[in-house]
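My entries follow in the order I made them.

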Amino acid sequence: MRARHARAAKALDVRVEPGRELWGWAGRTLGARAHTAAGQPAWLRLVSSPEDKASGKLWDGALDAQDVFGDLDGRRPALLAVHDAVDDTTAYRAELSARVDQPVLSDDPVLQRDLQLPDSWWQDLAGTLEKVAAVDTDRIAVRQQYMDRAIPEFLGIPAPAVTCWTAAHSDLHWANVTAPLRILDWEGWGRAPEGFDAATLYAYTLLQENIAARVRTAFPILGSPAGLAAEATVCAQLCRR
């Protein structure tokens, strides 16, 4: 992966900064700070996959997000360039993105400490997710078949009816957001039950009662009949993990 990351940097004409590497789950991804030839701060992320599986939602998520959202009014790091390569039976995709210098709000997806976030941050988050939800897409983040199977298995109730499907980031937790607001990691975005992002963030916030209450204030769909399908799905996902 390191050798392939270096080759991708050369192909994209960027200089990788020495120092900390950021590895993803099971060594599937490798990211590092970089600068473009013009001196623009950037982030170079390399993704690997068996060649016969190098397609579909996760593989094309960043490209699809760039095509549909752009930088989402500055709330999403823009994708600047992509470079694909194949070595033997392994495919590699290098994604060069604008760098976000603000640290994420938590090193853990589950919020472990209190946060002091201004009202404007919550307004920005709600407004951004509203723009995401308004997008028409055929990408799927949550399948009805999964809900029908997982919710009875892990929660012991029938899968609630989905009253509305909308586009969602689908992995909205505290290790994917910064202040000022930037939302990271868009590879899994797609259609989900309405309120899915709010339900996901809420579930990852439950250890911090004050912030959890603030999430519910920002997203009144939580606790409503319309939001029940999203909340049940998130609970089933986390129980399954």
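The entries below start with the whole chain and end with single residues.

**Ground rules.** I am working from a predicted model, in which local features need pLDDT of at least 70, side-chain atom pairs count only at pLDDT 80 or more, and totals for chains, interfaces and linings use all residues. Residues are numbered from 1 along each chain as its sequence is written, and side-chain values use heavy atoms, with hydrogens and water left out.

**Overall fold.** I found 7 helices and 8 strands in the protein; these are DSSP runs numbered from the N terminus, with helices being H or I of at least four residues and strands E of at least two. The radius of gyration is 19 Å, close to the 18 Å that the globule rule gives for 241 residues, so the protein is as compact as a globular protein of that length. That radius is taken over C-alpha atoms, and the rule is 2.2 Å times the number of residues to the power 0.38. I noted a span of about 50 × 40 × 30 Å for the C-alpha trace along its principal axes.

Buried residues are 46% of the 241; buried means under 20% relative accessible area, exposed over 50%, and partly exposed in between, with a 1.4 Å probe and protein chains only. I then looked at contacts (heavy atoms within 4.5 Å). Of those between residues at least 6 apart in sequence, 68% join residues at least 24 apart.

**Aromatic pairs.** I counted 5 aromatic pairs in the structure. Rings of Phe, Tyr and Trp (its six-membered ring) pair if their centres lie within 6.5 Å; planes under 30 degrees apart are stacked, over 60 edge-to-face, and the rest tilted. F69 and W186 have ring centres 5.4 Å apart and planes at 50°, so I logged this pair as tilted. The pair links distant parts of the chain, with F69 in helix α2 (residues 57-69) and W186 in the loop between β7 (165-168) and β8 (190-193), 117 residues apart. Both F69 and W186 are buried. F69 also pairs with W189, edge-to-face, at 4.9 Å centre to centre and 65° between the planes. W189 is in the loop between β7 and β8, 120 residues from F69, and W189 is buried.

**Helix α5.** How many residues of helix α5 are buried? In α5 (residues 196-203), 7 of the 8 residues are buried, so this helix is largely enclosed by the rest of the structure. The buried residues are F196, D197, A198, A199, T200, L201 and Y202. I listed what covers them, including α3 (119-133), β7, β8, α6 (209-218) and α7 (228-240).

Most residues other than glycine have a negative phi, and most peptide bonds are trans. I found a cis peptide bond joining A179 and P180, with omega about -5°. P180 is in the loop between β7 and β8. S170 has a positive phi of about 80° although it is not a glycine. S170 also sits in the loop between β7 and β8, and S170 is buried at a relative accessible area of 17%. A26 has a positive phi, near 60°, and lies in the loop between β2 (22-23) and β3 (29-36). Is A26 buried or exposed? A26 is exposed, with a relative accessible area of 67%.
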